[in-house]
Amino acid sequence: MKRTRQKETKNLILTGVGGQGNVMASRTLAGMLVDAGYIVTIGETFGMSQRGGSVMSHLRISPDSVKSPQIPRGRADVIVALEPLEALRVLTVYGNPQVCVLSNARPVYPIGVITGELSYPSEDNIQVAFQQLSKAFWIIDATSAALALGNPVLSNIVMIGALAKTGFLPIDRRMFEKEIKKTLAADKCAVNLKAYDAGGEMIK
Amino acid sequence: MKNKPSSQTKLKKDVLEQSLCTGCGACVGLCPYQVVYRDRTVQLHNCDLTDGKCYAFCPRTPTDYRKIWEILFEIDEMTPEIGAVKGYYLSRAADPALRAKAQHGGTVTALLEVAMDEGLIDSAIVSSRNEEIEQEGRLVEAKSQLGDYAKSKFTVSPTVAAFNRVMGDTAGKVGVVATPCQALALAKMKTARINDDLKINQLNLVIGLFCGWTLSVESFHRLLQQYQISPEAVTGMDIPAGKNVLELYTNASVTSVPMVEVDACVRTACRYCIDSTAEFADLSVGAARFGGDCDEMRGWNQIIVRSEFGKQVMELAVARGALEIWEAPASALQDLKNVAAEKKRKALKNIVEKSRSVKNLLYLNSDDPVVKKYLK
Amino acid sequence: MTKLLSPAKSKVLFLGNEAIARGALEAGVAVATGYPGTPSSEVIESLAHVASERNLYVEWSVNEKVALEVAAAASFAGLRSMAVMKQNGVNVASDFLLHLTASGTRGGLVLVSCEDPGALSSVNEGESRYFARMLEMPLLEPSDFQEAKDLTKWAFELSEQIGNVVMLRSVTRMSHASGNVICGKLPVKSRKAHFEYNGSVMDSSRGPMISTPVVAKHLLHQQKLKVVEALFEKSPFNRYVGAAKPELLIITSSACFLYAEEAIELLGLQKRVGILKLGTTWPLPPKLLEKHLRQTTKILIVEEVMPFLEENVKVLAAGLVNRIGAKTFFGKYDETLPSVGELNPDIVAAALCYILKVKSKTLPANYLSDSRKAAALIPAREQTFCAGCPHRASFWNIHNAIALDGHKGFVCGDIGCYSMAALSPATGYHTMPTLHSMGSGTGLASGFAKLAQFGLDKPILTVCGDSTFYHAVIPALINAQHNRADITFIVLDNAGTAMTGFQPHPGLAISAMKEVVPALDIAAICSAIGAKVAVSDPFDLETTGKILTSFLADKGSLKVLILRQACALSPEKKGKKIFEVKVNESLCLGDACGCNRLCTRIFRCPALTWDRTKNKAVVDEVICAGCGVCVSICPQKAIIKL
């Protein structure tokens, strides 16, 4: 599939909970886009913030220049979330009527919810909020797909596959394969490609 | 939202922080939050439940004594000094070997053995001592082992905690050997009927022990240190009549510690206790040392029979030839009452000194007729 | 081939820290040292990765001061070297640094400080730019990824040219951000180490490397800075973007340049606002500043944390007032920008709106109101120990031992993932009320333990991680033992520098370059000091609890407990469960149990959750690491290991 070259800067936020493979996913995406000739800036935080907290990577995909590693409020074009609550959290800060949301369905409960002090919003509440605050959204069960492939950590790759299928970014399977081959062994590549494909199948 | 303080918080404020905790173990073993460490009750983590059993069963939270009396005893047998008296005797185990192992007359062990033999109880909870002279409640299921625990220890044991642990288990019908505070806790459990908990019906027999005070483990260890005795070397202790000393036995020696020094180690909570005869037990047993010729009484117990079931157990023990009893002289009962009344007076005086008001009697109610009588 | 060694002219996506590492490689760095600390660690990590290919010596040093000393030795021997650390590491290194700037250097020596405005992964918002002014050394600040590489390379050349150390400062949003970089050439030739010291004391290239005679050398040192100032006037790393005579001039450096650019674009103020972006921020180039200050009367200084640039620009402007006239300055002093925390494009845009009286575009009102409603539904996500983290079990043990002991003991905290016990008190079960710098927990404990004569008579505990132990705890521990401080010192030994990504430390038999090295045993070191030492597994609650309670009761001496259990994220453990843990639903009594949800309400493991419909505990198989500790705490024994 031939993709048309994007002329404007695209702002993508990849979010989730520490340990879900957020950083790996954003670097993989960025690597694909750099190879495609874009100027990519990623802003992320890791270290202590990873420990069970919310994590966020800001990807700026520009045809010509380096951008601030932090996207201004209300300026996200695409939000990809490995956890639905984090999708909502990012959406309420960086969302706008044009934003598209792709979210994993499986919740990771914050400690305050586990202890009983706080409540996790219901599936309905989350759906309604997505509906009100985005142009289009998809909620897919990436974790179950990853578990079916034998490792929940593949959820991030499932999400990349799904993201590619939505067509928001100028990326495709060939670029993904080339990118992961740079760092992963052949057997790992195979399962990652399966995860990528599983993600694509979830977007109708 | 939460206006009601949690039971745990109330327990902390009303009992632990007031130094009223007797270490009986009533609040322990019901949940993961209260535990006993050495002889102290420790609240490990916060619990926000209200209407908890921990507060309800504690012998140092407000108690409706009248209600317990009505349920457990005959009201017309009540005495202000020593609670219900159905009968009063001098007693000792018939078996001389058992008497030799015991602190005094071996009555408690003899009663437990018979109760077990006759199937009145399947197991017994007694207190046992570890090397540090810390006590723990121990479930004994074999009659032959009962005699091994037949010694006075002078420090508190969280016996009720052991009962809480075995409730609902395979222990069957349980007999408990309890100090006054423990007997009160068990009586509160029996009469409270929280959540219609049927497990309490396993509690079949409470044998009370007379108790003047217990020692704080920490202070007592310091005292032992002064006498250069290691806690694990102590094999026994006694307060021989008329000498005003505590004798400490080790395999090598006997050390006499003046009672003034021992008094300083008494657990603070015991100073506020008005019960010296375990008024809420089925039967209460103590050393026969009040009145008469002291030496002659050595090797004997005095026993107060309080409940109908207690009476049955004692009569059975006599009938089986396990227990010898004498009708005690009336003067002995009067002496016992005098001593018990004196403890009540002293405890109430200590309570008023602490609260600085005759209207605030901490865990006691100033309208209670017994309290009124001795609050002078 | 690793990305870091990409051929010249290739376009690569580098993490800011990788760009710094690449710059060092292009400069021909021979020796690189550091101590792990977010956001700096990836510089040394990526260099270690290519050490054998590039014939480098790369070391994780025991602490930042030693790292700088090791790097300085290479410089004295004529090699190019660098020492890399996070902001507060510069404080650790500063004593040596003071003397180093006074003695001067030979081979190019670059001190890289990666700072953390907003303290995203720090317990301070330390600012090391002031060291450049205080210790009179050049300061460079890259503002994008290409510059991070190029400026690093130039820093070595500059250092060599002036014979003194050069500081390069990055921030989290540079070090931990990624962007495109066009690679330059990697040098082919390498230098030979040679240390010459027989020349005269004032001969900086052949004499001894010392800071005396102090006054004479200090003058020499300041003359070097004058040379730097002149070089900075012409530096291509300082540049101006905007109209010739802007209404407002922004002066900025570092990632703040990108925020400023974005803010101008957001508001469409390209014609009204110009930006003077400085890559060389100390000493400031006065002529360049004068040239730009002349063009306008309003100046906004955009920088994070302290008003370093603002103060220096104002001092310069004050001296030039006769030539450039009076100016209005906006920045931190007048509170146009916040005086704390990190900046972002929105904050800079708000400042521009305020100064230029413009309004930013907002989202539709109904969208904003829906957004606010949705935001109200979102529960906070607190940081916490990972599922399977040994620290949770350790603090559970510590809490219980303190409670059982009953004398209201407390723990002096230290730096590592376990700092979370102080940052979010319930995570550490409310045991850890102090938290400062590396090793200071033990120092504080040593002090608290001496306060009994003044009425503070409590058991004093302190914790530190294995890496922290070597970094700065040993002197404090020796102090405690020598001065008879009665403390219980607990080493949370999780077999690596876990928080920053498992860098090796002196306790491990492997070096940064994956060579086998001698491992120093913490227990043996503590025994040698004369402490009572015990070792336990924190997952064994019973044994660990017994040791701790006995230590707390054991008065008058230094007790050491080493709690050994590898980090749940460590390479050897990650993704592998020790046990399959499940809740037996028939045993879990839920709300009917007297446990009041101890497992979820108090224990706080992210994998052990509560099913609000079933009213029972449930283990999330995706998150659970299988440590099995929760099995030991359920009073109903409803949590089981399979």
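Student: What should I know about the numbering and the model before I start?

Tutor: Residues are numbered from 1 along each chain as its sequence is written, while chains are lettered from A and ligands numbered from 1 in the order in which they are written. The model is predicted, so local features need pLDDT of at least 70 and side-chain atom pairs count only at pLDDT 80 or more, whereas totals for chains, interfaces and linings use all residues.

Student: How many helices and strands does chain C have?

Tutor: Helices (H or I, at least four residues) and strands (E, at least two) are DSSP runs, numbered from the N terminus. Chain C has 23 helices and 23 strands. Its radius of gyration, taken over C-alpha atoms, is 28 Å, close to the 26 Å of the globule rule (2.2 Å times the number of residues to the power 0.38) for 642 residues, so chain C is as compact as a globular protein of that length.

Student: What share of chain C is buried?

Tutor: Call a residue buried if 20 or more other C-beta atoms lie within 10 Å of its own, exposed if 12 or fewer, and partly exposed in between, with C-beta atoms placed from the backbone. By that count, 55% of the 642 residues of chain C are buried.

Student: Now helix 4 of chain C: what does it pack against?

Tutor: Start with its span, where the expected value is 1.5 Å times one less than the number of residues. Helix 4 (residues 64–76) has 13 residues and reaches 18 Å from first C-alpha to last, close to the 18 Å expected. Its buried residues include Leu68(C), Ala71(C) and Phe76(C). The buried residues of helix 4 pack against strand 2 (31–34), strand 4 (81–86), helix 5 (87–103) and strand 5 (109–115) of chain C. Just after the helix, Gly78(C) takes a positive phi of about 90°.

Student: Which strands pair across the two chains?

Tutor: Pairing takes at least two DSSP bridges between two strands. Here, strand 2 (residues 39–44) of chain A and strand 8 of chain C run antiparallel, joined by 3 bridges. In that pairing, Ile42(A) stands opposite Ser178(C).

Definitions and conventions. Contact = placed C-beta atoms within 7 Å.
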